Amino acid sequence: MTTRALIRSMRLRTLPLSTAGIVLGLMLACTSCSVPWYVIILTILTTVSLQILSNMSNELGDWLSGVDSDGRDGPTYSLGQGDLTEDELRSAIRICMLICAVLGLAMIRFSFGTVLSIEGESLVVLGALAIWAAMHYTLGRHPYGYIGLGDLFVLVFFGLVPVMGGYFVASHHIDAWTVMPGLAIGFFSVGVLNVNNIRDMKSDAGTRLTVPLIIGERRARIYHSVLIITGWILLLVFTALRARTMWGYLFILTLPLYIRHLKGFYSLSGHDLDPMLPLLVISTFILSVLMGTGFLIH
């Protein structure tokens, strides 16, 4: 096992999307309370470790199910290239699980002072569910990513949980209004998955069930537009209701990036859709940072 092969399996390019929600949740919390720097760091590290666990588990699951075949339009990873063995990747997954657990417990301990409280125990349960979700997208007897439920889990664990959960860890209370940015970031994240699934429709047809395969490519493209537009509407409504100054609208600077994404999305197909994935990922991360920054400016 080489370090380069292991890093390739971590799929670090996905980290901006996984951290977008947690960064926004933390920054929104900082507008109303003082959050210790070490809580912020531990929360972000916990999110990153969960994403890496998900990426490695997905690679193993796709390899075992035969999804990562020679006919796949997407990239080939370390198992497919022979740079990692199944046992080596399984060992890396176990280590990452332990890291997730340690970081998550440390995050709870330093934020709330104890794990043995209603808040702490609730977050432990949520963390356990997050670890399960990270691993079972393609792993296990009944991976939910193979039965058309990937979009729902991405909406929850890339949108609602990081934004609302990050806000809760930092502020120690739940703000119901954060459901709107949580859903918005979730919709953008589902959009990333949807582009990926449209690209891989041919290779996925014999091995898994995805939303594009259920509703067809034409409807999946309409569905994509609905995700992006609805996400923007939610952010604009949230800002109109909660922003103290016009700086709250700073995230609108990313609108040209989303327009560029949609134009490319509708003009490309198959493997040519690849550039639209990082564009949407980076756009969502920048949007989160700008929105949080705008709310922090008084």
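Visitor: Which helix gives the largest share of the nonpolar patch?

Guide: Helix α3 (residues 37-65) does, with four residues; helices are DSSP runs of H or I of at least four residues, numbered from the N terminus. The model is predicted, so local features need pLDDT of at least 70 and side-chain atom pairs pLDDT 80 or more, while totals for chains, interfaces and linings use all residues. Residues are numbered from 1 along each chain as its sequence is written, and side-chain values use heavy atoms, without hydrogens and water.

Visitor: What makes the nonpolar surface patch?

Guide: Trp37, Tyr38, Ile41, Leu45 and Phe110 make a patch of about 540 Å². Patch residues have over 30% relative accessible area and no salt bridge, and nonpolar side chains (Val, Leu, Ile, Met, Phe, Trp, Tyr) are joined within 5 Å. The areas come from the Shrake-Rupley method with a 1.4 Å probe.

Visitor: Why is Trp37 called exposed, and why is Thr43 called buried?

Guide: Buried means under 20% relative accessible area, exposed over 50%, and partly exposed in between. Trp37 has 62% and is therefore exposed; Thr43 has 2% and is therefore buried. Both Trp37 and Thr43 are found in helix α3. Thr43 touches Ile22, Leu26, Met107 and Val169, not counting residues up to four places away in sequence; contact means heavy atoms within 4.5 Å.

Visitor: How do you know that the span of helix α2 agrees with its number of residues?

Guide: The expected span is 1.5 Å times one less than the number of residues. For the 16 residues of α2 (residues 15-30) this gives 22 Å, and the end C-alpha atoms are 22 Å apart, so the two agree. Helix α2 also bends by about 25° at Gly21, the bend being the angle between axes fitted to the seven residues ending there and the seven starting there.

Visitor: Why is the pair of Asp274 and Arg199 called a salt bridge?

Guide: A salt bridge needs a side-chain nitrogen of Lys or Arg within 4 Å of a carboxyl oxygen of Asp or Glu. The closest N and O atoms of Asp274 and Arg199 are 2.7 Å apart, so the pair qualifies. Asp274 lies in the loop between α12 (255-267) and α13 (276-296) and Arg199 in helix α8 (residues 179-199), so the pair ties together parts that are 75 residues apart in sequence. At 4% relative accessibility, Arg199 counts as buried.

Note on methods
Helices (H or I, at least four residues) and strands (E, at least two) are DSSP runs, numbered from the N terminus. Patches are made of residues with over 30% relative accessible area and no salt bridge: like charges are joined within 9 Å, nonpolar side chains (Val, Leu, Ile, Met, Phe, Trp, Tyr) within 5 Å. Buried means under 20% relative accessible area, exposed over 50%, partly exposed in between (1.4 Å probe, protein chains only).
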